[in-house]
Structure formats: C-alpha cells, structure tokens
Amino acid sequence: MTTKPVVIVVGADKGGVGKTTVSRTLLDYFSANNIPTRAFDTESPRGTLMRFHPDITEIVDMTTTADQMKIFDTLNAASPSVTVIDVRAGLLSPALASLRDIGFLDAAKSGQITFAVFHILGPSIASLDEIAQTANFMQGAKYFLVKNFINDTQFFQWDQATYNSYFHRIKDATELTIPKLNEMAYEQVEVSSVPFLKFVANKGVHDEAANYSFVLRGYVRHWLANVWSEFDRIKLTDLVGSGKSATRGGEK
C-alpha cells in the first residue's frame, strides 16, 4: 500500500513572524516520531531552514517552473511521505496561487494528496487580512492558524472579537499556539546551528558531544515539549497517516 503524499506549507505574507522556527519544530517532531520527511526552503538563495536541517532540505525558488517540478513531480517518487515547504516572507498568497495553477489544489481536493497550511500570524491587523486572502485557496486543505509568541510576548494587539470575525471565515480552521522560548536559549540554538532536538540532546552538527548550557537546554526541552503537545493535540501524526505517536524518540 502506498502512503498518500503529505504536503505541509508553512508561511505568512508578512516577514518576521517566526515561520522558520515553526518549520524547524515540525521537522524535529516528525523526526522524533520516525516519520521520514524532506523539506524545501524557498528563501532562495540562502535559507535559514537549510542551515539547521541541511541533510533533508533543498533550497528552491518556488516562482520558477523548474523548481515547482522539483517539488511536485517527485511527490509520489520520493521515499519520505511528508514534504514541508517553508515559504519565504511575502510569498504565501502567490505560492498558493501557483499551487492552484498547477492543479495541486484540485488534487488535494480530490483526496490524492493530503495538504495542510500552517499560517503564521503576526501581531498586526494586516496579518488578519491575510486570512481572508488565504481562505480562497483552502478547499481541500487542513488549515492551521498559528499564533507564534516565540519572538515577542507583546504579540496580539487586536481584540478577540476582531480576531473571531476573521477566524470564522475559514471552515474547519484550527488554532495553534507556539509559546515564547527564553531569549537566551533561542539565541544559543541559533548560534549552534543545530536542530532543537540536537541541542536538547547536547549534540553538535555531526552528532558529536557538545557542551551547551544545562539551563538553556532545559528551557528548550520544556518549550519543545509544549510545542509538541500542541502538535499532538491537532493529531498531526494522524494527518500524515502514521497512527504512532506513543513511541517517540529523542525525548530526553
């Protein structure tokens, strides 16, 4: 039995909302759940995701036909059943429009592909306007609205009623919250250029023993557990057709 390919797009039309951080937590989560995953980083020519997950990440320019073929012509051929696409700032709507144009959204609607969008919300009302734009592309997709507090605790400046009026425009949208991570811990992971999981396990880029701070590793471990409990809550492993979230590796 062939597994249905799963494509997860992580993006926002605004920059600086912590998209790549969310992509990195997804890759760690799938790795810990033994789900083979590949990633595409559309921050061409240099990609942040590539820096943290070089083994499974390729940098692409999603606006070019050649790179669209690199991603989508290989969905069934690729052995990893999950493809995570980190869409660079400002490109979410155009990326979704190109997915529509190549017939990808129709394939998702007809059930040939499982498609999910993690839409990372910024603190401004403009990021709520993005929801309305994105809504047009969401038939046949699982839509997750991510409130990302990773960079800034003073995040949401709009009131609940305003938020609800936008949120309810999309049927079956699911909310997720990414909590804030201690700033020094976040910076230390950035400097180490390793996935969160490796940082927690005190390992360097090539799995060699590292010497990270016990305290900062604790902060990251605690934070990552909270993020993963959100992924568990939305049954992310079910989405990718793997019913196994019980035996998880990497949780130290």
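Good morning. Most residues other than glycine have a negative phi.

The model is a predicted one, in which local features need pLDDT of at least 70 and side-chain atom pairs count only at pLDDT 80 or more, whereas totals for chains, interfaces and linings use all residues. Residues are numbered from 1 along each chain as its sequence is written, and side-chain values use heavy atoms, with hydrogens and water left out.

Now the chain as a whole. Its secondary structure comes to 11 helices and seven strands; helices (H or I, at least four residues) and strands (E, at least two) are DSSP runs, numbered from the N terminus. Of the 252 residues, 52% count as buried. Buried means under 20% relative accessible area, exposed means over 50%, and partly exposed lies in between, with a 1.4 Å probe and protein chains only. The chain exposes about 11,400 Å², and carbon and sulfur atoms supply 51% of that area; the areas come from the Shrake-Rupley method with a 1.4 Å probe, and for residues only the protein chains shown count as cover. A contact means heavy atoms within 4.5 Å. Among contacts between residues at least 6 apart in sequence, 72% join residues at least 24 apart.

Let us return to α8. Which residues of α8 are buried? They are A185, Y186, V189 and S192. Seen down the axis of α8, these buried residues fall within an arc of 125°, so they line one face of the helix. The arc is that of the directions from the helix axis to the C-beta atoms. An α-helix has 3.6 residues a turn, so residues three or four places apart point the same way. On the face of α8 turned away from the buried side are the exposed residues E183, M184 and V191. The buried residues pack against α1, α2 (48-52), α9 and α10.

One of the partners of α8 is α10, my next subject. The loop between α9 and α10 contains D207, which has a positive phi of about 65° although it is not a glycine. D207 is partly exposed, with a relative accessible area of 44%. At the start of α10, a side-chain oxygen of S213 reaches to within 3.1 Å of the backbone nitrogen of V215.

How far apart are the end C-alpha atoms of α10? They are 28 Å apart, which agrees with the 28 Å that its 20 residues (214-233) should span at 1.5 Å a residue; the expected span is 1.5 Å times one less than the number of residues. In α10, the buried residues are L216, R217, V220, W223, L224, V227, W228, E230 and F231. They cover an arc of only 145° around the axis, which puts them on the same side of α10. On the other side, F214, V215 and H222 are exposed. The elements that the buried residues pack against include α1 (19-32), β5 (114-121) and α11 (236-239). Just after α10, K235 takes a positive phi of about 55°.

Helix α11 contains L236, which counts as buried at 1% relative accessibility. Not counting residues up to four places away in sequence, L236 touches L26, Y29, F30, F118 and F231. L236 and L26 are 210 residues apart along the chain, yet their C-alpha atoms are separated by 9.5 Å.

Finally, a strand. In β2 (residues 37-41), five of five residues are buried: T37, A39 and D41 on one side, R38 and F40 on the other. In a regular strand the side chains alternate between the two faces of the sheet. Strand β2 runs parallel to β4 (residues 82-86), joined by five bridges, with V84 as the bridge partner of A39. Three bridges join β2 to β3 (residues 57-59), also in parallel, and there F40 has E58 as its bridge partner. Two strands pair if DSSP finds at least two bridges between them. Thank you.

How values were computed:
A polar contact is a pair of N or O atoms within 3.5 Å; within protein, one must be able to donate a hydrogen and the other to accept it, and residues adjacent in sequence count only if both atoms are side-chain atoms.
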